[in-house]
Amino acid sequence: MIRSFHKTKRGEIMWGDSRAWLLNVAKPASVDLIMTSPPFGLVRKKSYGNEDADQYCDWFRPFAEGFKRVLTDKGSLVIDIGGAWIPGQPTRSLYHFKLLIMLVEEFGFHLCQEHYWWNPSKLPSPAEWVNIRRVRVKDAVNCVWWLSKSPFPKASNRRVLQPYSKSMEDLLQNGYVAKLRPSGHDISSKFSKDNGGSVPPNLLAVANTESNGRYQDFCREKNLPIHPARFPAALPEYFVRMLTDAGDLVVDPFAGSCVTGAVAEALDRRWVCCELSEEYLQGGLARFNPNVQPLPNGKGVIYEISPPCPIPLDKDHMLPVDGGEARPPEMSRRAPQEPAKPAKVISAAAEPIRRVARACVYREIICHEGDGLEDGK
Ligand SMILES: C[S@@+](CC[C@H](N)C(=O)[O-])C[C@H]1O[C@@H](n2cnc3c(N)ncnc32)[C@H](O)[C@@H]1O
């Protein structure tokens with residue numbers, strides 16, 4: 001069952017199971033972009049294989065059918081999905097790769113390009129493997145699968161250009177001597193044409209640290225749970241800009257606090273957001289009340305990524321021969337601790353999330369892996 005919860009000038013929030021909207025309510029071939037972040041998979045330790053990844057695919061199948069039904073032939077499907085650790089051991093689940101393979105091989109979607117959302121503010125986790133045994137590094141990217149019904153969906157990278165680097169600006173100003181690079185690439189004089197910005201890489205650097213703002217204030221004031229697994233507006237903004245025109249229809253079937261809807265509204269796209277939890281939707285109303293806020297222009301934060309291995313090697317440091325199977329002795333003297341759970345619900349919203357999970361057949365979901373901040377993800 002699904003019903004209208006709130007309408008704005010350009011969009012509508014639907015309360016209920018998005019499968020009902022996708023499979024029965026929406027007009028076939030009417031949606032230009034599905035931009036979403038589904039509940040992530042929680043993997044349980046099994047003595048044989050990792051069947052949970054398969055369960056995730058089984059749970060996802062009806063949504064995939066719905067996506068195929070509602071997308072236009074030139075439409076795109078963008079799924080932000082985080083990985084998961086197998087509890088009790090420092091290895092990773094394949095569930096999000098299995099999902100991708102299912103969408104391509106079973107449902108006929110094309111993989112246009114994988115993107116990676118890097119959250120520079122992510123704290124090291126899981127602590128057991130990263131901080132205590134120090135056998136893994138911090139997990140700071142989500143996969144973002146950009147898929148489409150045809151190999152040529154509507155798209156233009158001119159919509160998401162980045163400012164030129166200082167060296168490129170100098171080159172544009174002072175000109176470039178055309179020559180063959182050692183790699184064999186012919187850097188012709190065309191290289192010094194100003195295209196208004198550089199083409200971004202498929203690594204999207206967006207910190208997810210916002211803990212104060214209109215949405216949070218509204219939730220606190222009304223005693224509503226702050227959604228613990230929101231994505232930052234910059235993520236849907238990037239794909240809405242690149243893959244849709246004004247007036248196109250954008251849908252988020254796992255809408256949470258309706259970030260996608262607010263971004264679509266600000267960018268003059270029509271939109272529909274579906275969400276199971278009424279409480280999350282009540283909080284999400286803050287994004288449209290009284291008006292949707294304009295998206296910030298000229299976002300200024302530029303992050304630096306260190307090259308690998310900038311610190312000289314400590315030749316005396318020996319690798320743990322057991323691969324970290326036992327805790328280091330100095331840690332073992334402390335009270336024994338359970339290995340860090342792969343993902344934790346870290347806000348008062350835990351219970352609604354679990355309820356949602358039960359409602360979705362799929363055995364368990366997680367809030368996107370907590371990074372120690374109030375705001376999940
Ligand atoms: C990862 S959260 C999305 C958060 C959202 N991107 C945001 O920024 O607020 C996934 C959401 O999907 C919702 N959900 C799970 N199953 C659903 C279903 N069958 N129909 C609609 N929503 C569902 C959950 O309640 C949860 O809020």
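A residue counts as buried when 20 or more other C-beta atoms lie within 10 Å of its own, as exposed when 12 or fewer do, and as partly exposed in between, with C-beta atoms placed from the backbone. Residue numbers start from 1 along each chain as its sequence is written. Please keep in mind that this is a predicted model, in which local features need pLDDT of at least 70, side-chain atom pairs count only at pLDDT 80 or more, and totals for chains, interfaces and linings use all residues.

**Figure 1. The protein chain as a whole.** Of its 377 residues, 37% are buried. The chain holds eleven helices and 13 strands, taken as DSSP runs numbered from the N terminus (helices: H or I, at least four residues; strands: E, at least two). Contacts here join residues whose C-beta atoms, placed from the backbone, lie within 7 Å. Among those between residues at least 6 apart in sequence, 76% join residues at least 24 apart.

**Figure 2. Strand β5 and its two partners.** Strand β5 (residues 71-81) is largely enclosed by the rest of the structure, because eight of its eleven residues are buried. Strands pair if DSSP finds at least two bridges between them. With strand β3 (residues 31-36), β5 pairs in the parallel sense over five bridges; look for Val-31, whose bridge partner in β5 is Leu-71. With strand β7 (residues 141-148), β5 forms six bridges in the antiparallel sense, and here Ile-81 has Cys-143 of β7 as its bridge partner.

**Figure 3. Nonpolar cores.** A nonpolar core is a set of buried Ala, Val, Leu, Ile, Met, Phe, Trp, Tyr and Cys residues joined through C-beta atoms within 7 Å. The largest has 62 residues, and Leu-33, Ile-34, Val-78 and Val-240 have the most contacts inside it. A second, separate core of five residues includes Tyr-215, Cys-219, Leu-224 and Ile-226.

**Figure 4. The shell around the ligand.** This shell has 23 residues, the closest being Ser-18, Arg-230, Phe-254, Gly-256 and Ser-257; a residue belongs if its C-beta atom, placed from the backbone, lies within 6 Å of the molecule. Helix or strand elements giving two or more residues are α1 (18-25) and β12 (270-275). The shell divides into twelve nonpolar, seven polar and four charged residues, where Ala, Val, Leu, Ile, Met, Phe, Trp, Tyr, Cys and Pro count as nonpolar, Asp, Glu, Lys and Arg as charged, and the others, Gly among them, as polar.

Technical notes
Contact = placed C-beta atoms within 7 Å.
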